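Take a walk through this model, one region at a time. Keep the viewer open as you read.

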Amino acid sequence: MGDSKIITPPPGPKARKLIERELKLLHQPSIDRVYPIFTKRIDGAVVEDVDGNRYLDFAIGSGSMSLGGAPKGLVETITGRAEELAHGSYPYLNPAVIEFAEKLVSIAPGKTKKMVAMLSTGSEAADFAFRVGRGFQRKPQFISFIGGHHGFSLGALALSGHYAAMFRNHPHLVPGVTHTPYAYCYRCPFKLEYPSCGLACADYIEETLLTTISPPENTAGLIVEPIQGPAGIIPPPEGWLERVYEICRKNGILYIDDEVFTGLGRTGKMFAIENHPKIEPDMMILGKTLGGGILPVSAVIMKEQIAMSIEPGATSSTLHGYPLGSAVATKVIDIIQTESLLASNTKHGKHLMKRCLELQQKHKWIGDVRGRGLMVGLEFVKDRKTKEPLRKEVKDIAWRSVQKGLIFEWFGLKGNVIKLYPNYFVTREQIDEGLDILDAAITDVEKGRVSPTNFDSAYVVSAGWM
Ligand SMILES: Cc1ncc(COP(=O)(O)O)c(C=O)c1O
């Protein structure tokens, strides 16, 4: 007996009624509900819907509920400290905000003194780094990566290089960003192979961009995810981030590490960049896990010199330095430390990877399996040689999995990557149960056992975004 249990095929009667109401009022693309599931409660890794179905959740609020649903300790922080801390923070400050900043700085990598800005979303943190980076450097340009996802607000969008619908009718309105290829080795844009490529895509930054359209004299910063998350869980090969960092150092460019997805333990280190000890980012942006998926909390950790360059009044927002958010974020870090979650993420991550590699042995559609710790992506192709993306089938597998009790996100630059990121308290048994469901769902779709989605009108199909 596992944790998942489907008692009425989703969407059940209560979900259907909610869909009817939802479609009249809510703006689908901004709400972004992929599946016709309405939650009743989320407990750990298990989502219970309004019709009584129970699903294992490997999508966890797009990577934010890293401590699971209703996590012990966090819920108590909110309920126990609400009276004391649930208030605005302007024009005064609550000690909880200082405790939060002390905690963040205490875990930040590198020896240089750091300071913290507290914000609400990952997008806001990306905007902040973009704007403050340019102001500090007194230079107008930035470099970012194809496939990079930094958010939807204007600055963050300008830095992003993800899927076309983000830009089709909303072109980059903030000028000055040059996008360069990421080290997506499975589909190398230079058609080379690692390691014989000699990290050509990193060299391209120095040899081509910096000598043409983004000269060092104009280039304030470079923003990079240590593993591209939304683009399809893409870890760069060994030495690549170090080479990019070296180019930044040599040319006076700020190195900005986007840890919104990877940060606070997902890869088995507190920050994914700690897997690369030679790198000390000038700025780091955090979000998602920082608020435990309970409150919107984000932050920028930056070198003191950068923070001190910001003019008073130049950056702020009504709820910046929100005391309850600070207390929750401090508690998230406390829990990760006291419950030894970095070690267990490494251990469970190895098991998750092993099970995914076994799936690859069994199913010829799985062309690539990659990731680190508790973030693994499986890229589906028609043929392992041609690597033609398998898109519709991936959507069918996702839906089949939901019908069998497993929730995950799928997407990636070609719309063909299944992305698995369970919460940090996931058990080995839950990983096995989830992978067994995925295995069965792939087999069903391979054999043509696909039940049509009877809710297509309500279904925001990822492939439709492209
Ligand atoms: C790496 C990365 N950076 C930034 C963001 C934007 O964060 P938010 O959605 O909280 O604005 C995301 C969101 O998916 C992300 O994955």
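Which residue is the bridge partner of Asp57 in strand 13? The partner is Ile407. Before going further, note that this is a predicted model: local features need pLDDT of at least 70, side-chain atom pairs count only at pLDDT 80 or more, and totals for chains, interfaces and linings use all residues. Residues are numbered from 1 along each chain as its sequence is written.

Start with the sheet around that bridge. Strands here are DSSP runs of E with at least two residues, helices are runs of H or I with at least four, and both are numbered from the N terminus. Two strands pair if DSSP finds at least two bridges between them. The sheet is open and has 4 strands, in the order 1-2-3-13, with mixed pairing. Its edges are strand 1 (39-43) and strand 13 (406-407), each of which pairs on one side only. Strand 2 (residues 46-49) and strand 3 (residues 54-57) run antiparallel, joined by 3 bridges. Glu48 stands opposite Arg54 of strand 3. Together strand 2 and strand 3 form a hairpin, with 4 residues between them. In the turn, Gly52 has a positive phi of about 90 degrees. Strand 3 also pairs with strand 13, in the parallel sense, over 2 bridges.

Helix 14 (residues 428-446) comes next. It has 19 residues and reaches 27 Å from first C-alpha to last. That is close to the 27 Å expected at 1.5 Å a residue, where the expected span is 1.5 Å times one less than the number of residues. Its buried residues are Gln430, Ile431, Gly434, Leu435, Ile437, Leu438, Ala441, Ile442 and Val445. They cover an arc of only 155 degrees around the axis, so they sit on the same side of helix 14. The arc is taken from the directions from the helix axis to the C-beta atoms. An α-helix has 3.6 residues a turn, so residues three or four places apart point the same way. What do the buried residues of helix 14 pack against? They pack against strand 3, helix 12 (341-362), helix 13 and strand 13, with contact meaning C-beta atoms, placed from the backbone, within 7 Å. Just after helix 14, Gly448 takes a positive phi of about 80 degrees.

Now the backbone exceptions. Most residues other than glycine have a negative phi, and most peptide bonds are trans. A cis peptide bond joins Tyr90 and Pro91, with omega about 5 degrees. Pro91 is in the loop between helix 4 (74-85) and helix 5 (95-107). The bond from Tyr194 to Pro195 is cis too, with omega near 5 degrees. Pro195 is in the loop between strand 6 (177-180) and helix 8 (200-209).

Ile233 is not a glycine, yet its phi is positive, near 50 degrees. It lies in the loop between strand 7 (219-224) and helix 9 (240-250). Is Ile233 buried or exposed? Ile233 counts as buried because it has 26 C-beta neighbours inside 10 Å. The cut-offs are 20 or more other C-beta atoms within 10 Å for buried, 12 or fewer for exposed, and partly exposed in between, with C-beta atoms placed from the backbone. Lys387 has a positive phi of about 60 degrees. Its loop runs between strand 12 (376-380) and helix 13 (392-404). Lys387 is partly exposed, with 16 other C-beta atoms within 10 Å.

How values were computed
Two residues are in contact if their C-beta atoms, placed from the backbone, lie within 7 Å.
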